[in-house]
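Colleague: I am new to reading protein models. Could you take me through some features one by one?

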Amino acid sequence: MKFNKQIIYLNILIPSVLLAEHQELPSIIIEGSYDRPGSFSITPDSSGLKDTASLLGRVPGADVNRNGPLTGIASYRGLYGNRINITVDGANMKEVGPNSMDPPLSHIPAPLTGALKVQRGIAPVSSGIDTIGGAMVVESRKGEFADGEGVETNGMASLGYSSVEDGHYGVLLGAVATQDHKLYLSGSKEKGRDYRIKNNQKQVPTRYDRDAFTAGYGYQRDAHEFGINFSHNDTGHTGTPALPMDIIYVRGGLYDVNYAIDLGEGYKFKTRAFYQSMRHWMDNNTLRSAMMNMAMRTEVDGGGADLAFHMPVYNGELSLGINLDQSNHEANIFMGAMPIEINFFNNVERDRYSFYTEWNGRLSESVALELGARYTHTVLDSGLVSSPVAGQAADRNAFNAADRNRDFNDVDIAAVVRYAYSSNLEFEIGLARKNRAPTYQELYLWTNSAAAGGLADGFTYRGDLDLKNETAYQFELGAEWHNGQAYFAPRFFYHYIDDYIQGMPTAAANVLQFTNIEAQLFGVEIEGGISFCENWRFDANLNYVRGMQLDSDTDDEDLYRIAPLNGRAQLTYERSVWMGAIEGVFYADQGDVAGYNDELKTKGYMLMNLRGRYELVDGLVVGTGIENVLDEKHFNHLGGYQLHNRTNGRVAMQGRNIYATLGYTW
Ligand SMILES: [Cu+2]
């Protein structure tokens with residue numbers, strides 16, 4: 001029985017093949033599960049998806065809190081935002097928007113995404129700092145080293161159009177490479193208008209405009225690997241209908257450099273450093289109209305370094321690692337026609353110092369173990385804020401007089417055992433304890449504001465300097481059965497979270513304050529599939545999660561923004577150069593809604609999508625499809641309210657979308 005760290009490729013388009021190492025198609029990869037015949041892969045450039053976060057809809061247990069066309073906040077098993085550690089090209093990407101207008105998955109557009117990896121179940125401690133809700137990894141496309149002697153070129157170009165928002169994109173990536181060196185450059189452009197809902201009604205403001213650029217160099221020879229990479233994002237006028245303002249711009253880049261050496265006999269050393277700098281402007285009167293004009297200018301500068309040493313220890317590998325990470329945030333608000341200026345976040349700093357050790361190996365022929373521990377010291381501080389608004393004077397003075405320096409000690413422990421009962425049946429059991437230190441918004445929102453990390457519930461929030469860090473106790477149980485044609489894989493999880501941070505009502509109307517409560521989340525994910533008659537296959541999954549407050553003194557005990565019971569089924573027909581698929585997506589009613597912020601219930605719905613793909617000649621692929629074939633109007637429970645106001649109802653989902661893409665890889 002092979003127990004190497006397996007990868008599952010999840011998918012809509014190319015079923016049943018585990019892609020080879022050199023496969024250039026972008027893919028969703030779910031780590032921490034077994035190899036199996038029913039694996040999938042996805043090719044965003046032939047499916048018309050513009051946003052990497054959209055791929056999460058296909059990952060069991062994952063979903064998206066969507067506040068705008070490019071603003072998709074990752075959610076996994078009911079936990080979202082900063083509870084999930086997302087790295088982009090190895091860097092822990094910081095948001096420049098205090099309301100998460102630019103979540104980490106928005107930095108690299110889908111066509112330039114090489115892979116999105118989602119850690120299933122309990123995230124190992126080696127997957128990063130603050131993994132209470134899981135871990136995800138985005139890798140941008142970086143070209144390929146040459147296969148043969150001499151200088152080669154490789155790359156890809158892709159164009160796409162989608163009808164629902166009259167959207168189009170173009171992307172070009174080129175690399176010049178030898179076996180040892182590669183130099184690559186890429187650029188992309190995406191633009192679309194407000195999308196149509198049904199009968200040509202429009203959802204305002206959902207237009208988008210994004211340019212992205214990457215460049216880099218890679219080296220590999222003998223035991224050495226070196227890379228330097230730069231990715232730049234320039235998002236222009238882009239709507240966020242579930243938030244009080246829209247993106248005017250998000251601009252900035254991420255630089256990273258990495259080096260790895262294989263010292264032989266299982267000894268390896270890896271290091272990486274990154275630096276990020278982003279600038280952002282948002283307002284409420286360019287893409288929408290407002291009673292009083294308001295704008296906000298924000299900045300983030302961040303960076304970090306990672307060191308890891310791997311060595312063989314007793315039938316496995318022992319890893320020792322250090323992670324250093326820091327970020328600085330600034331925000332200024334401009335209010336009114338003759339704007340008055342509020343220095344809302346001033347010199348806010350969040351620094352994390354962390355080290356870990358993890359052992360991954362085999363206890364016997366059929367039992368594998370992953371065991372790790374991590375310690376993190378998190379330090380936060382904030383400078384003095386200023387505001388000329390009379391109504392904010394008391395809050396401002398109290399905040400400026402307070403001791404704002406905070407530090408947290410976080411301990412993560414994870415143990416996962418995998419047992420192979422037979423060559424067709426495996427079991428997994430996992431236990432973990434994870435901490436998460438509060439975000440700067442949770443601590444430092446000194447007066448009520450909607451800039452609360454993308455919660456988009458129509459309320460304003462206040463921070464609390466006395467918040468404690470969250471402590472989660474996690475349990476995981478999974479099984480996986482497969483034979484040559486079929487697979488079936490159920491998973492169950494239970495999380496108890498002490499000091500879970502959530503808003504609670506205050507004496508003021510429509511103002512919530514971040515508060516430590518006691519919570520639990522539990523749920524199941526079931527996947528299954530079968531291939532038949534050579535060219536046909538059927539795949540389906542079902543996801544359920546429930547989140548509850550345990551110390552509620554009222555009947556309102558549900559957590560906020562939890563996806564309803566949902567599932568997906570797909571019938572695929574595939575021949576060598578073409579494939580076609582019909583996909584059904586269903587979401588049940590969501591009646592288990594949060595009471596503290598009067599979350600609105602949603603009705604269930606079903607969607608039908610058709611997708612096709614045809615390879616004209618080697619490397620030249622046409623993709624086409626129709627999403628929401630029946631052109632029905634539905635509301636996603638995780639989608640927020642129109643213009644951040646509950647009385648407007650929820651943001652509607654897209655109506656019928658016909659898309660076509662053309663991609664060429666050489
Ligand atoms: Cu913003």
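Colleague: Which residue forms a salt bridge with arginine 83?

Modeller: A salt bridge is a side-chain nitrogen of Lys or Arg within 4 Å of a carboxyl oxygen of Asp or Glu. Here, arginine 83 pairs with glutamate 470, and their closest N and O atoms are 2.7 Å apart. The pair links distant parts of the chain, 387 residues apart. Arginine 83 sits in the loop between β7 (79–80) and β8 (85–88), and glutamate 470 in strand β26 (residues 470–482). Helices (H or I, at least four residues) and strands (E, at least two) are DSSP runs, numbered from the N terminus.

This is a predicted model: local features need pLDDT of at least 70, side-chain atom pairs count only at pLDDT 80 or more, and totals for chains, interfaces and linings use all residues. Residues are numbered from 1 along each chain as its sequence is written, and side-chain values use heavy atoms, with hydrogens and water left out.

Colleague: Is glutamate 470 buried or exposed?

Modeller: Buried means under 20% relative accessible area, exposed over 50%, and partly exposed in between (1.4 Å probe, protein chains only). Glutamate 470 has a relative accessible area of 0%, so it is buried. Arginine 83 counts as buried because its relative accessibility is 6%.

Colleague: How many salt bridges are found in the whole structure?

Modeller: A search finds 38. Take another one: arginine 418 and glutamate 370 meet at 3.9 Å, N to O. Arginine 418 lies in strand β23 (residues 406–420) and glutamate 370 in strand β22 (residues 367–381), so the pair ties together parts that are 48 residues apart in sequence. Arginine 418 is buried, with a relative accessible area of 12%. Glutamate 370 is buried too, at 3%. Salt bridges that share partners join nine residues into one network: Arg77, Arg120, Glu370, Arg418, Glu428, Glu476, Arg491, Glu525 and Glu527.

Colleague: Now the metal. Which residues coordinate the copper ion?

Modeller: Look for donors: N, O and S atoms within 2.8 Å of the metal (3.2 Å for Na, K and Ca). Water is not among the atoms, so sites may look incomplete. Here the copper ion is coordinated by Met101 (SD), His280 (NE2) and Met282 (SD), at 2.0 to 2.4 Å. Along the chain, the donors follow the spacing M-x178-H-x1-M. Methionine 101 is in the loop between β9 (91–92) and β10 (113–119), while methionine 282 is in strand β18 (residues 267–283), 181 residues apart. Methionine 101 counts as buried, at 3% relative accessibility. Methionine 282 also counts as buried, at 3%.

Colleague: What about empty space? How many cavities does the structure hold?

Modeller: Rolling a probe the size of a water molecule over the atoms shows where empty space is left. On a 1 Å grid over the protein atoms alone, a cavity is a set of points where a 1.4 Å probe fits but cannot get out, and lining residues have an atom within 4 Å of a point. Grid points are joined across faces, edges and corners, and a volume is the space filled by probe spheres set on the points. The structure holds 12 cavities of 30 Å³ or more.

Note on methods. 1 Å grid on protein atoms, 1.4 Å probe; cavity = no way out; pocket = protein on both sides within 12 Å on 5 of 7 lines; lining within 4 Å.
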